[in-house]
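Reader: I am new to this structure. Please show me how to read its features, one at a time.

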Amino acid sequence: MSKTMINRNRHFIKHLADKMRFSSSLSSSQVPSLTTTTRNPHQFYTSLFCTLIHLFLRCRRLSSAAAAFSAMKDFKCTPELATWNSLLHQFNSAGLIHQVMVIYQEMIFSGVGRNVATKNIVVHSLSKVGEFDRALDLLRDNNDYEFMSDGVTYNTVIWGFCKYGHVEIGLGLVSEMIKRGVDCDNFTCNILTKGFCEKGLLENAKSVMETFCGDRNRDVVGFNTLINGYCKAGELNNGLRLVESMMKDGVLPDIITYNTLINGFCEMGDFDSAKNLMDNLLDSDNGSGYDKANHITYTSLISGYCKQHQIEEALAVYKEMFANGIESDVVTHSCIINGLLKSGRLTEAKYLFHEMVRNGVDPNHVTYTNLVDFFLKNRSVMAAFSLQSQMVVRGIKFDVVVFTALIDGLFKNGRAKEAEDMFGNLLEYNLVPNCTAYSALIDGLCKIGDMKGVGSVLQQMTEKNVLPNVVTYSSVINGYVKSGMLEEAINVLWKMICENVTPNAFTYGSLIDGCLKAGKKETAAGLYEDMKKRGVENNIFILDAFTNNLKKEGMMDEAEALFQDSIFNGLLPDRVNYTNLMDGLFKVGKESLALKVAEEITAKNIGFDIVTFNALLNGLLKLGQYDVQSIYTGLQKFDLAPDHATFNTLIKAYCREGKLDDALKIWNQMKSYGLKPNSITCNILTEGLCESGEVDKAMELLNELSISGFYPTAVIHKTVLRAASETKRADVILSMHEKLVSMGLNLNLDVYQNLINVLCGLKMTRKATSVLQEMREAGFLADTVIYNALIRGHCRSSHLDKAFAVYSRMLTERVSPNITTYNILLGGSTESRSMDKVTEILSEMKEKGFIPNSTTYDVLVSGYGKIGNKKESIRLYCEMITKGFVPRLSTYNLLINDFAKVGKMKQAMELLNEMQSRGVPPNSSTYDVLISGWCNLSYQERSMKKLYQAEARRLFKEMADKGFTPSENSINQLSSVLAKPGKAADAQRIMDKIYKTKRG
């Protein structure tokens, strides 16, 4: 509600109060008729106030209702007991629990006697929000006979305990009921039965029903509750047996019984049984007294088919429903619309939406939520906003589900600010966000790296007594992992465990994957062990995380061992796992083992799909096996049809070998299989041509494709610009960009990112800034990637002040920096030796919640090393290692060089051994530095000359064995070391000749 409207309401209330003052100022002598022929003015205004409050609550003007009650209280209007109870009930129904307690306290203060109806309303409001201590205190306040608790009071508190999952405590209250002589009725029994069912404790639910209701008192509601529990647990046979039992007891199943079972079978995907039940329902001799399915019956079937993506069957049931003269309601229409949307049939969904409106069925918030969610997931934000406006016009109430869909969708469309504003709107509507709404907000904030904001939302959840669930915590953990804040992520894991929220495989998988990517293998292994100890089953996704990491590092022996160990411990890898392993073995050249995995897939009847076949094909092609006919024979053997990936793999193999003509032949063969080349095919061919220096040919190909309706993509744009950047000429780069645009390239954020990245990579920041301005004029806002590119460009051009100016603008425009932003600024500052800036950046990083990652440490170690601060450089290196990060090769080379320069070759060699143990192989520069260091040391310490020269020779041999070419300086120094006395000049000539030939 707007402030203007609130002010108007307050003005009206004030005006009413003024009239009351005027009325009360009249004496009975002045207006005798008021006391004899008219109601008491105070009673009249009390009634008017109560009516006003009721109207405000019906219109969801909650703050106005509270203001009206406050005004009534200020002017000492005292309603009768029935009116007090009505007010309590109305505020309770509106969800204003705090206001219920305010009214209750005012009622006591006014001296109005309470009755059991008063107690039951207040107890209900307290139980509804989990205020059980106060609810129990009120339950046990039985000093006044009129205020004594009855069965309704006890049932209400028991209902509250069941709602919050404390059904056992609710059951304990039954003994108190019996001691006080309060009868346990069917309501008590049914509430407890439902409570146990909702916790999955079906045997307890059955026991409660048998104990408290007996054979004679059980009603259809209790049976239906237990049947529903069995259905939700997937125990449909027990549900059917219970139907037989209830009929033996003389309790006839009703339409709800049948609908519950039909819905249960639909949820299980057993539509034959569901249809049989419907046929039984239509059979007049079924003994139930019902011979007609209702709209709920049909809607259950329709919903079940839609959930199983069987939309045609759903539509057939809908037609049958219509033919049988049963009117469909908004739920039925919403189910079908949702099913059509999930099948991508938007046109039909729109038609049905308009059809239901024409037939007088008003769409509700669920209908609109489905449509809004679909449009947001398909990046049609304006269409979603249009539907939102329709909801406002139609007066459809916005609930938490609608807001959650909008919040989630806006975040996923990159509109974080609008998503956060939408959450603010939810609060302004006086709606209480649930865990799902908070989780959507948290997930969105995590995805944009705003972990500080995530902390604030979690604090708000605590204040609002909304408990995070496993989804909430998993999103937070994933957010911290992606922000490089692994320690915080692990802390969240321990916190959720302490709060009895059990992590799932996704939770552990995210952490394990993050640790593996950060090089923290021991931490990942520890998490894996903890996962097993807590009974969270290892699954194929965790196996994939480890296998992928080992595959990335080329450690396929370890990957294979892990795979076999997982099988030994009872895990059954699926086709994806086997495909991943086979692909990794091919990539490290272990073709025979990869082929054994392929044989195992066949032997275990796992079977090949086209993805597995393509992985096998890719491996075989790398071996140079280009027999296209045998490939097609293999496809026929496995009864597979080649897909785009198959042809793309073949085309890529030919491009890799430079056989572009053969690649074009495969391109043409695709058409005979009814496949049109897709964007990946085009990307591969374009890349092949560009890498061969045939940029003009690539552009000709793209031009031909554009004529046939296939337009360049952002990926192609990136490939072409990268090739054009080899000219190091801005005019060539921009010309290629313009040509691609003229061919139909869609100008979007990715395209502008490509162009700005390329220009900034060549230090052409002025041109990049012009492109940025053009981008803004086209309606696109710069994101973190673009700002990072501009900052990097200025840093490479040694324009540090401009880099920081761009960073300041980035913050002004509320674009969130990420860890990469700070690493770029740190790199620029260290390169310009502005170490004071380094301190400022690190401080700001910490303030914004960013933790230094491996790249941060690499930059810092190198930076301090370059300015000669070896002490700080080594300190940071040790800190980096302690935190589990693995330095990059250039960092190791710099540290080794620092030690070699001062003759500390022992320390330099220790670093060499350490880097190799951490999986970082040395390169030619590493060996050049070490060889030079040993040679220089041999000149300085004559007594150890032979030993040092022997070490230099050993390193030279190791270098040669690995195929590295020594630098000119290394050749000069090695000549004297390797040559016999007096033959140094001859040795140098020979080495120069050898390595000149090798370089050529």
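Author: Start with the second largest pocket: by class, its lining has 16 nonpolar, 8 polar and 8 charged residues. Here Ala, Val, Leu, Ile, Met, Phe, Trp, Tyr, Cys and Pro count as nonpolar, Asp, Glu, Lys and Arg as charged, and the others, Gly among them, as polar. The model is predicted, so local features need pLDDT of at least 70 and side-chain atom pairs pLDDT 80 or more, while totals for chains, interfaces and linings use all residues. Residues are numbered from 1 along each chain as its sequence is written, and side-chain values use heavy atoms, with hydrogens and water left out.

Reader: What is a pocket, and which residues lie nearest the centre of the second largest pocket?

Author: On a 1 Å grid over the protein atoms alone, a pocket is an open set of points where a 1.4 Å probe fits, with protein on both sides within 12 Å along at least five of seven lines; lining residues have an atom within 4 Å of a point. The second largest pocket has 32 lining residues, and nearest its centre are Lys128, Val129, Tyr164, Val432 and Lys464. Two or more lining residues come from each of α4 (62-74), α5 (81-93), α6 (97-109) and α7 (116-128). Such helices are DSSP runs (H or I, at least four residues), numbered from the N terminus. The most, 3 residues, come from α6.

Reader: How much space lies in the largest pocket?

Author: A volume is the space filled by probe spheres set on the grid points, which are joined across faces, edges and corners. For the largest pocket this is about 1800 Å³. Its lining has 43 residues, with Gly414, Ala416, Ile448, Asp783 and Val815 closest to the centre. The element that gives the most to this lining is α24, with 4 residues.

Reader: Is Cys435 buried or exposed?

Author: Buried means under 20% relative accessible area, exposed over 50%, and partly exposed in between (1.4 Å probe, protein chains only). Cys435 is buried because its relative accessible area is 13%. Cys498 is exposed, since its relative accessibility is 64%.

Reader: How many disulfides does a search of the whole structure find?

Author: A disulfide is a pair of cysteine sulfur atoms within 2.5 Å. The search finds 0.

Reader: Where is Lys904 found?

Author: Lys904 sits in the loop between α51 (889-901) and α52 (905-917). Lys904 counts as partly exposed because its relative accessibility is 42%. From Lys904 to Leu937 the separation is 33 residues in sequence and 9.0 Å in space, C-alpha to C-alpha.
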